[in-house]
Amino acid sequence: MKKLGAVVLAILVLGGLGYYIALLQMSDVDESLYSIDLDKVRTLSSSIEGPLPTRVNTEAPVGIEFPGAAVITGWSWAPHQLPIYAYQVVYADGHVMIDAAMSKDQAAIGGGAAFFDDDSYARLMSALSSANQIVFTHEHYDHVGGAVAHPDAIALLDRVRLTDLQLAYPEKWGDVHYPDGALEDYEPLSYDGMMALAPGIVLIEAAGHTPGSQIVYVRRNDGQEYFFIGDVAWNYAGIDQVRTRPNLVSYGFLGEDRARTHAQVAELKQLEAANPEIAIIVGHDAPRTASQIAAGVLGDQFE
Ligand SMILES: [Zn+2]
């Protein structure tokens with residue numbers, strides 16, 4: 001009996017340790033792994049001449065659901081909805097799209113959509129059709145999918161601005177891909193650290209969640225600044241509490257550089273503390289996005 005008790009105890013301890021490592025463990029942050037030179041970003045944002053954008057719109061035509069425990073290390077198992085946002089940066093003479101969400105069929109790859117709005121998806125397709133440029137926070141299919149599923153996907157490629165790193169690891173795209181040969185003559189963006197994309201828009205290297213992850217900085221003509229961080233964190237709590245996704249999700253499912261995403265949320269936390277006027281826009285956070293819409297930082301419909 002004593003032996004059995006010891007075995008049961010050992011199983012419980014090992015099981016508990018496994019659970020702790022998989023879902024609860026946070027290591028110390030190594031801040032040397034990532035930094036953003038905000039002065040340099042601001043300087044670059046005015047390096048391309050032209051009027052600055054006047055407003056930024058967002059919609060999430062589709063959403064998925066994960067247990068909270070998968071979203072942020074230490075969260076409860078309660079179901080947590082992740083809307084898939086895309087963004088439209090509007091200029092007087094056109095617009096730039098940041099991310100393209102995904103179609104209903106593509107949502108099925110990851111277990112199906114928690115919600116899908118046909119009208120919103122139609123507005124997304126039309127905003128992609130008329131975009132001057134389409135850029136992506138990273139190469140996961142819930143961000144590039146809408147561009148690939150677009151009825152004129154191949155014609156759109158002359159305005160799609162994928163980076164070399166976003167194309168370098170096709171496995172990161174999941175099961176969503178352009179048709180064979182479609183990218184044969186495609187010239188991806190290639191930059192070291194950061195690059196200006198358009199008046200008021202700067203791309204900032206942020207490899208970690210994926211090799212091709214980047215943060216998109218936007219400055220509006222009234223001075224409002226934005227950091228579109230994509231999936232550096234799925235929820236703002238990741239930045240606020242300087243926490244990443246749990247080991248199980250980060251290493252087990254996503255193959256992330258978790259130490260670097262940890263350094264990124266720490267850097268964003270510091271950057272926001274020093275510059276509270278900058279709007280940090282998180283890829284899948286419904287309450288935060290709703291409050292940013294209510295505050296007039298974001299418009300709630302593509303035009
Ligand atoms: Zn995502």
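Reader: Which residues make the nonpolar surface patch, and what is its area?

Author: The model is a predicted one. In it, Leu14, Leu17, Tyr19, Tyr20, Ile21, Leu24 and Trp77 make a nonpolar surface patch. Its area is about 710 Å².

Reader: Is Tyr20 buried or partly exposed?

Author: Tyr20 belongs to helix H1, which covers residues 2-24. Burial requires a relative accessible area under 20%, and exposure one over 50%. With a relative accessible area of 38%, Tyr20 is therefore partly exposed.

Reader: Which residues lie nearest the centre of the largest pocket?

Author: The largest pocket has a volume of about 570 Å³. Its lining comprises 25 residues. Strand E1 (55-67), strand E2 (79-91), helix H6 (141-149) and helix H10 (247-253) each contribute at least two residues to that lining. Nearest the centre lie Phe66, Tyr141, Trp234, Phe253 and Leu254.

Reader: How many residues of the lining of the largest pocket are charged?

Author: Sorted by class, the lining of the largest pocket has 16 nonpolar residues and 5 polar ones. The number of charged residues is 4.

Reader: What separation in sequence does the salt bridge of Glu225 with Arg42 span?

Author: Glu225 and Arg42 form a salt bridge whose closest N and O atoms are 2.7 Å apart. Glu225 lies in strand E10 (residues 225-230) and Arg42 in helix H2 (residues 38-45), so the pair ties together parts whose separation in sequence is 183 residues.

Reader: Which of these two partners is buried, and which residues form the network of salt bridges that includes Arg42?

Author: Arg42 has a relative accessible area of 28% and is partly exposed. Glu225 is buried, at 6%. The network of salt bridges links Arg42, Glu225 and Glu277.

Reader: Which parts does the salt bridge of Glu205 and Arg260 tie together?

Author: The side chains of Glu205 and Arg260 meet at 2.7 Å, N to O. Glu205 is partly exposed at 23% relative accessibility, whereas Arg260 is buried at 16%.

Reader: Is Asp158 buried or exposed, and how many salt bridges does the structure hold?

Author: Asp158 meets Arg159 in a salt bridge of 3.3 Å, N to O. Arg159 is partly exposed, at 22%, while Asp158 has 54% relative accessibility and counts as exposed. The number of salt bridges in the structure is 10.

Note on methods:
Residues numbered from 1 in each chain as written. Predicted model: local features only at pLDDT ≥ 70, side-chain atom pairs only at ≥ 80, totals over all residues. Heavy atoms only, no water. Patch = residues over 30% accessible without salt bridge, like charges linked within 9 Å, V, L, I, M, F, W, Y side chains within 5 Å. Areas by Shrake-Rupley, 256 points an atom, 1.4 Å probe, with all protein chains shown as cover. Salt bridge = Lys/Arg side-chain N within 4 Å of Asp/Glu carboxyl O. Helix = DSSP H or I, 4+ residues; strand = E, 2+ residues; numbered from the N terminus. Buried < 20%, exposed > 50% of the residue type's maximum accessible area, 1.4 Å probe, protein only. 1 Å grid on protein atoms, 1.4 Å probe; cavity = no way out; pocket = protein on both sides within 12 Å on 5 of 7 lines; lining within 4 Å. Points joined across faces, edges and corners; volume = space filled by probe spheres on them. Nonpolar A, V, L, I, M, F, W, Y, C, P; charged D, E, K, R; others polar.
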